[in-house]
Structure formats: structure tokens, C-alpha cells
Amino acid sequence: MGHPSINTSRRAGASYIPRIRVRYFTGSSCDTKKSCPILSEMAKRRVGECVYCGKSRRLTDDHIPPKGLCNKPRPSDLIKVPSCSSCNNGASRDDEYFKTVMVLKDEAGSHPEAVGIRSSVFRGLQMPEKIGFARDLVQGIREVRVKTPAGLHLGRRSAFNVDLSRLDRVVARITQGLYWHHRRSRIPDGFEVVVFSEDGLRDLDTPERERIRRDFVIPVLKNPCHAVGRGVMRYWYASISDQPRALAWVYEFYEDVKFVALVSPAP
Ligand SMILES: [Zn+2]
């Protein structure tokens, strides 16, 4: 069975640019950006390369992980990457879906940030504009038999079908942003990001799953852990081959929901 994958290398014609180019509108005689409202407004209108689409556009700050995964007041350590408004806003529906699935998963359980978000997710689903979204979720709900690993039957419970490719898309995007954050360059042209959720890994053959664990997950977890947003997201990354621009990433949301992302030359 195939695994969900995201190809982010469709940037035909764009050349590899090692550093982000940002320029500010000039022409003011103000001394410092901090004290001058005109300069601070100009700084907001900075123009440069979007880390996602690579186009030179007016830039906004995109937050990693998506802000909605954290309770208010938002933590101050969320990572910011430059994004055009169309890439920033265009991801909001996937981010919303990702947040909803994450906080409803058993694994997120009692994480304090997930508990707070969960009640706002339930309140939000009652809003008229969320009816379509709520209907999709409810239609995906089914009853499953719960068994222990040894096969002991524990009864029935509700579970919901999850669009894994949509979750993977969010993690691929986070990977694009973090690649820029750590490398100060976009993922090179000709490279792709392939994401595996824990559930997606279960769909792979055992030897393939073992290979990913042995070749990527275990070596990456030997590297320093980066924690962002009061433990909402933790991640590790490492080089995975002689190709210095190829990196593997392991993510953990709410300290338990795991993903693996591989950035490597497209076949
Ligand atoms: Zn963009």
C-alpha cells in the first residue's frame, strides 16, 4: 500500500537561493525602528522571498507550529518564518483540521495545552460557519472494537477516520519552515519532503517500517531536542546521508503524536 507523500519540489524555473533576500522600504529620516511608527510600519511591509512558494512578495510572519495549537496567551517562543500572505492564509484550513485531529486523538490525552484547545474546538464546532467541517468529522466517526496487543477484547468505542494526507501536508509545511529557520535557505529545487504519520507508518510493510525506524528515527533522536510552545511541539533533525542538504526530522505534538519527515533529492 502506498504511503502519503508530499512533493514540494514543483518550483520549475526557480533557482536555488542560499539566503533569504529581504529589503525594507526606505526614505524616512527616523532614527530607530522601535521608536518610529512609520519605520515600524515599513518593517511590516518587508518584501522578500517566501519560504514556501519562493516568490518575491510582501512578507508576513508565519508561525511554527501553527498558532492555533497553543492556548492564549500564545507562547512567545513560536518560530517565525517569512511567508507571503497567500501561502500564510492558504494553509489555515489545513491547520484547523490538523489542530482538531491532534487534540481529539487519545495520544494527546491530558496535555494541558490540548485540554484547553479541545474545549474551544468543541465550542467552535457548534458555530454555524463550522457546520460543514463538523459534518465531515461526524461522517468519519465509526465504531471499532478495542483489543489489547495480546488480543483481549475490551469492548467498543468510537473512532473517526482521518485524512492522513491533510495532516502530512501540515507537517511538510512545518518542515519547509524549519528548514529555512535552521539553514537560512529554502529546501533546494529538485528535493522533496515525504512525511509519515505514525498511522501512515502502520500501513507500510514491516521491513519498510523497520528501515525507516533504523535509518532515520533512531539516529535523529540522538540529536538535541527542540521544544517549542510549552511542549506543544518537539522536534529533532539530522543529516541522513552524504548529501548535506538532505535532512530527516522527527516531530512530536502534545508530547505523543509522532511524525517523520524526510527531505531528500526527488527520485
Ligand atoms: Zn508564498
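**Entry 1: terms and model**

I start with pairing: two strands pair if DSSP finds at least two bridges between them. Helices (H or I, at least four residues) and strands (E, at least two) are DSSP runs, numbered from the N terminus. The model is predicted, so I note its limits: local features need pLDDT of at least 70, side-chain atom pairs count only at pLDDT 80 or more, and totals for chains, interfaces and linings use all residues. Residues are numbered from 1 along each chain as its sequence is written.

I looked up the confidence next. pLDDT is the predictor's confidence in each residue, from 0 to 100. Its mean for the protein is 79, and 69% of the residues reach 70 or more. Over residues 1-33, pLDDT stays under 50. The model still has 68 contacts beyond four places in sequence for that stretch; a contact means that two C-beta atoms, placed from the backbone, lie within 7 Å. Where pLDDT is low, the predicted coordinates should not be read in detail.

**Entry 2: overall make-up**

I find eight helices and eleven strands in the protein. Buried residues make up 27% of the 267 residues. The cut-offs: buried is 20 or more other C-beta atoms within 10 Å of a residue's own, exposed is 12 or fewer, and partly exposed is in between, with C-beta atoms placed from the backbone. Of the contacts with a separation of 6 or more, 61% are between residues 24 or more positions apart.

**Entry 3: the strands around strand 10**

I checked strand 10 (residues 247-253) for burial. Six of its seven residues are buried, and the strand is mostly covered. Strand 9 (residues 233-239) runs antiparallel to strand 10, joined by seven bridges. Met233 stands opposite Phe253 in strand 10. On to strand 11 (residues 257-265): this strand also pairs with strand 10 in the antiparallel sense, over seven bridges. Here Glu252 stands opposite Lys258 in strand 11.

Then the hairpin of strand 10 and strand 11. Three residues lie between the strands. Glu255 is found in the loop between strand 10 and strand 11. Its phi is positive too, about 65 degrees, although Glu255 is not a glycine. Most residues other than glycine have a negative phi, and most peptide bonds are trans.

Is Tyr254 buried or exposed? Tyr254 is buried, because 23 other C-beta atoms lie within 10 Å. Glu255 has 18 such atoms within 10 Å, so I log Glu255 as partly exposed.

**Entry 4: cis peptide bonds**

I found a cis peptide bond between Ile64 and Pro65, with omega about -5 degrees. Another joins Lys72 and Pro73, also with omega about -5 degrees. Pro65 is in the loop between strand 3 (56-64) and strand 4 (79-84). Pro73 lies in the loop between strand 3 and strand 4 as well.

**Entry 5: the nonpolar core**

A nonpolar core is a set of buried Ala, Val, Leu, Ile, Met, Phe, Trp, Tyr and Cys residues joined through C-beta atoms within 7 Å. The largest one has 49 residues; Val171, Trp249 and Ala261 touch the most other members. Helix 6 (residues 164-183) gives the largest share of this core, eight residues. In soluble globular proteins, nonpolar side chains tend to be buried together.

What does Val171 touch, not counting residues up to four places away in sequence? The answer is Val195, Tyr251, Phe259 and Ala261. I followed up Val195, which is in strand 7 (residues 191-197). Val195 counts as buried because it has 26 C-beta neighbours inside 10 Å. Val195 and Val171 are 24 residues apart in sequence, with their C-alpha atoms 7.0 Å apart in space.

I listed the buried residues of helix 3 (residues 92-104): Phe98, Lys99, Thr100, Val101, Met102 and Val103. Helix 4 (112-125), helix 6, strand 10 and strand 11 are included in what covers them.

Last, helix 8 (residues 206-220). The expected span of a helix is 1.5 Å times one less than its number of residues. The 15 residues of helix 8 should therefore span 21 Å, and the end C-alpha atoms are 20 Å apart, which agrees. I also log a bend of about 35 degrees at Arg213 in helix 8; the bend is the angle between axes fitted to the seven residues ending there and the seven starting there.
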